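Follow it with the structure at hand.

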Amino acid sequence: MAFFRPRVSREAEVRYHADLEISKSFPELLDKARQSEQLLRDLRAAVADEIELLAAGQAFDKALSEALRAAESGQRATFGVKAYDDRIARRKAKATPDGAMWTAEVDRLRTLREDNRLWGIPRVPRAVPASR
């Protein structure tokens, strides 16, 4: 007697291979985010003006967002092809050592990005147009 074994969808396979490719760039993107963070910290230590801090904070946010996207891709690829279609497979994959490592990394990067968005980017007042 043969049992029906559901295959994963073609879309899941395509997304899996795309995530594998994206996740390969994670170390470089994380290094870029670290360099942006160091630049932001150096500017804060040098008491730079708010315009420079704003630009550095926004560059750090962009670098963190790119690293986060790559980490999320690595997380999904580590979970495996079946996890794209099956929430139970995704949940089981999170419990593996590799899945837990990627989940912790994604959570850490999300927290760092939100902290930067709340406190790292200074609020610069907008220019008010002159009234007649």
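This is a predicted model: local features need pLDDT of at least 70, side-chain atom pairs count only at pLDDT 80 or more; totals for chains, interfaces and linings use all residues.

Q: How do I read a helix, and what span should helix H5 have?
A: Helices are DSSP runs of H or I with at least four residues, strands are runs of E with at least two, and both are numbered from the N terminus. The expected span of a helix is 1.5 Å times one less than its number of residues. Take H5, residues 97-120. Its 24 residues should span 34 Å. The end C-alpha atoms of H5 are 32 Å apart, which agrees.

Q: Which residues of H5 are buried?
A: Start with the cut-offs. Buried means under 20% relative accessible area, exposed means over 50%, and partly exposed lies in between (1.4 Å probe, protein chains only). In H5 the buried residues are Gly99, Trp102, Thr103, Glu105, Val106, Leu109, Arg113, Asn116 and Gly120.

Q: What do the buried residues of H5 pack against?
A: Contact means heavy atoms within 4.5 Å. The buried residues of H5 pack against helix H2 (26-45), helix H3 (50-79) and helix H4 (87-94).

Q: How do I read a nonpolar core, and which residues touch the most other members here?
A: In soluble globular proteins, nonpolar side chains tend to be buried together. A nonpolar core is a set of buried Ala, Val, Leu, Ile, Met, Phe, Trp, Tyr and Cys residues joined through side-chain atoms within 4.5 Å. The largest core here has 19 residues. Phe26, Leu40, Leu43, Leu64, Ala71 and Leu109 touch the most other members. H2, H3 and H5 each give two or more residues to this core. H3 gives the most, with nine residues.

Q: What is Ala71 in contact with, leaving aside neighbours within four places in sequence?
A: Ala71 is in contact with Phe26, Trp102, Val106 and Leu109.

Q: How do I read an aromatic pair, and how many does the whole structure have?
A: A pair of aromatic rings is described by the distance of the centres and the angle of the planes. Rings of Phe, Tyr and Trp (its six-membered ring) pair if their centres lie within 6.5 Å; planes under 30 degrees apart count as stacked, over 60 as edge-to-face and the rest as tilted. The search finds two pairs. Tyr16 and Tyr84 have ring centres 6.5 Å apart and planes at 80°, so this pair is edge-to-face. Tyr16 is in helix H1 (residues 10-23), while Tyr84 is in the loop between H3 and H4, 68 residues apart. Both tyrosines, Tyr16 and Tyr84, are buried. Phe26 and Trp102 have ring centres 5.3 Å apart and planes at 65°, so this pair is edge-to-face.

Q: Which parts does the pair of Phe26 and Trp102 tie together?
A: Phe26 lies in H2 and Trp102 in H5, so the pair ties together parts that are 76 residues apart in sequence. Phe26 counts as buried because its relative accessibility is 10%. Trp102 is buried too, with a relative accessible area of 15%.

Q: How do I read a salt bridge, and what is the count here?
A: A salt bridge is a side-chain nitrogen of Lys or Arg within 4 Å of a carboxyl oxygen of Asp or Glu. The count comes to eleven. One of them joins Asp19 and Arg76 at 2.9 Å, N to O. Asp19 is in H1 and Arg76 in H3, 57 residues apart. At 6% relative accessibility, Asp19 is buried. Arg76, at 32%, is partly exposed.

Q: Which residue forms a salt bridge with Arg108?
A: Arg108 pairs with Glu105, the closest N and O atoms being 2.7 Å apart. They are three residues apart in H5, so about one helical turn separates them. Arg108 is partly exposed at 38%. Glu105 is buried at 16%. Glu105 also touches Phe26 and Leu30, not counting residues up to four places away in sequence.

Q: Which residues are linked with Arg7 in a network of salt bridges?
A: The network links Arg7, Arg10 and Glu13.

Conventions: Residues are numbered from 1 along each chain as its sequence is written. Side-chain values use heavy atoms; hydrogens and water are left out.
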